[in-house]
Amino acid sequence: MTESVPQHGAAPQRGAKAVLLARLAAPVQAWGVGSRFERRDTQPHPTKSGFVGMVAAALGRDRTDRIDDLAALRFGVRADRSGTPVHDYHIVGGGPMPLRPRDLITDHGRAEAAAAGLDAGTGPAFGAAAATALASWYGAPKLISPDERTGTLVAGNLRRDPMQTYRWYLADAAFVAALEHSSRTLLEEIAHALEHPRRLLWLGRKSCPPSGTISGGVHDGTLESVLAATSLLPGADDSRPWTWWEVPPGTPGAIRTADQPVSFDPARRVHADRWETRSRLALDPEPTIHWEDLIP
């Protein structure tokens with residue numbers, strides 16, 4: 001369950017700034033904010049929560065570890081290639097299911113129907129003969145838990161109909177994500193971890209692994225100056241790409257979004273509000289940071 005807490009955001013920073021660049025490209029990626037199991041949406045660009053989670057995984061942090069230092073990073077993202085929204089239709093828990101010992105224990109109706117087949121023998125796998133007799137039974141027992149009175153495992157849901165899910169993705173998209181902070185040491189640690197991750201990385205969803213080099217190195221400056229000085233990725237849609245900037249509350253034209261990570265603990269996921277603006281970015285006439293120099 002995800003909780004929301006009152007307005008929050010990156011803490012104000014003092015002193016010289018540095019910016020980490022990251023190339024986020026893959027056949028498909030998905031950056032949801034308000035997704036639920038049946039319908040998984042995606043935002044048109046990477047979210048701060050999703051990217052910070054990816055960074056935490058690269059650093060080898062557990063979900064229960066504190067992420068205050070990562071959440072304090074100022075976030076920005078440039079859509080060099082916005083991609084095409086596509087959706088994937090899934091059916092979960094449908095089709096003829098092989099009979100398992102758990103099915104007989106938790107679903108007494110199925111056990112009674114399978115009794116004749118079990119008497120004849122189980123075949124090369126448990127319940128093989130019985131499964132033939134129950135070929136018209138779809139789905140598997142769900143919500144397995146001990147009965148309150150007997151302690152016996154029972155299924156709380158014996159529905160045979162499959163669950164339908166719709167999952168949205170961005171196909172063939174490429175983004176330049178950026179993190180700004182006054183600690184160059186922290187950013188360089190993250191840059192190294194993105195190329196030598198201690199855990200698996202994905203672009204918003206586990207079915208979306210990144211392709212190619214991710215880290216674009218650490219550069220002096222602010223989000224605005226570094227992204228403007230960075231050349232477009234190959235195949236960019238527009239010479240003035242849409243860019244999203246994290247800004248302080250009250251900034252004119254800013255919108256509120258609930259993707260400021262506070263905790264990734266599975267027992268108590270917490271996200272707060274933060275503020276961002278969107279604008280077309282005019283790149284410097286002669287960019288000084290070139291992706292062909294950053295990517296082997």
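## Close-up views of the predicted model

Tyr166 is partly exposed, with a relative accessible area of 25% (buried means under 20% relative accessible area, exposed over 50% and partly exposed in between, with a 1.4 Å probe and protein chains only). The model is predicted: local features need pLDDT of at least 70 and side-chain atom pairs count only at pLDDT 80 or more, while totals for chains, interfaces and linings use all residues. Residues are numbered from 1 along each chain as its sequence is written, and side-chain values use heavy atoms, with hydrogens and water left out.

**View A. The chain as a whole has eight helices and twelve strands.** Helices (H or I, at least four residues) and strands (E, at least two) are DSSP runs, numbered from the N terminus. Of the 296 residues in the chain, 41% are buried. Among the contacts (heavy atoms within 4.5 Å) with a separation of 6 or more, 79% are between residues 24 or more positions apart.

**View B. Helix α1 (48-58) is largely enclosed by the rest of the structure, since nine of its eleven residues are buried.** The buried residues include Phe51, Val52, Met54 and Val55, as well as Lys48 and Ser49. Just after α1, Gly60 adopts a positive phi of about 85 degrees.

**View C. The largest nonpolar core has 40 residues.** A nonpolar core is a set of buried Ala, Val, Leu, Ile, Met, Phe, Trp, Tyr and Cys residues joined through side-chain atoms within 4.5 Å. The members that touch the most others are Leu24, Phe51, Ile190 and Leu194. Two or more residues each come from β2 (18-29), α1, β4 (74-81), β8 (163-181) and α6 (184-195). The largest share, seven residues, is that of α1. Not counting residues up to four places away in sequence, Ile190 touches Leu20, Val55, Leu59, Leu70 and Leu73. Apart from this core lies another, of 19 residues, among them Ala25, Trp275, Ile289 and Trp291.

**View D. Two aromatic pairs are found in a search of the whole structure.** The rings of Phe51 and Phe75 form a tilted pair, because their centres are 6.1 Å apart and their planes stand at 40 degrees. This pair links distant parts of the chain, with Phe51 in helix α1 and Phe75 in strand β4, 24 residues apart. Phe51 is buried at a relative accessible area of 0%, and Phe75 also counts as buried, at 2%. In the pair of Tyr89 and Tyr166, the ring centres lie 5.3 Å apart and the planes at 50 degrees, so this pair is tilted too. Tyr89 belongs to strand β5 (residues 84-92) and Tyr166 to strand β8, 77 residues apart. Tyr89 is partly exposed, at 40%. Rings of Phe, Tyr and Trp (its six-membered ring) pair if their centres lie within 6.5 Å; planes under 30 degrees apart count as stacked, over 60 as edge-to-face and the rest as tilted.

**View E. Strand β10 (residues 242-247) is mostly covered, with five of its six residues buried.** Three bridges join β10 to β4 in an antiparallel arrangement (two strands pair if DSSP finds at least two bridges between them). Strand β12 (residues 269-280) pairs with β10 in the antiparallel sense over six bridges. Trp245 of β10 stands opposite Gly76, and the bridge partner of Trp245 in β12 is Thr277.

**View F. Thr42 occupies the loop between β3 (39-40) and α1.** Thr42 is buried, with a relative accessible area of 18%. Its side chain reaches the backbone nitrogen of Trp31 at 2.8 Å. Beyond its neighbours within four places in sequence, Thr42 is in contact with residues including Gln29, Gly32, Trp168 and Leu170.

Technical notes: A polar contact is a pair of N or O atoms within 3.5 Å; within protein, one must be able to donate a hydrogen and the other to accept it, and residues adjacent in sequence count only if both atoms are side-chain atoms.
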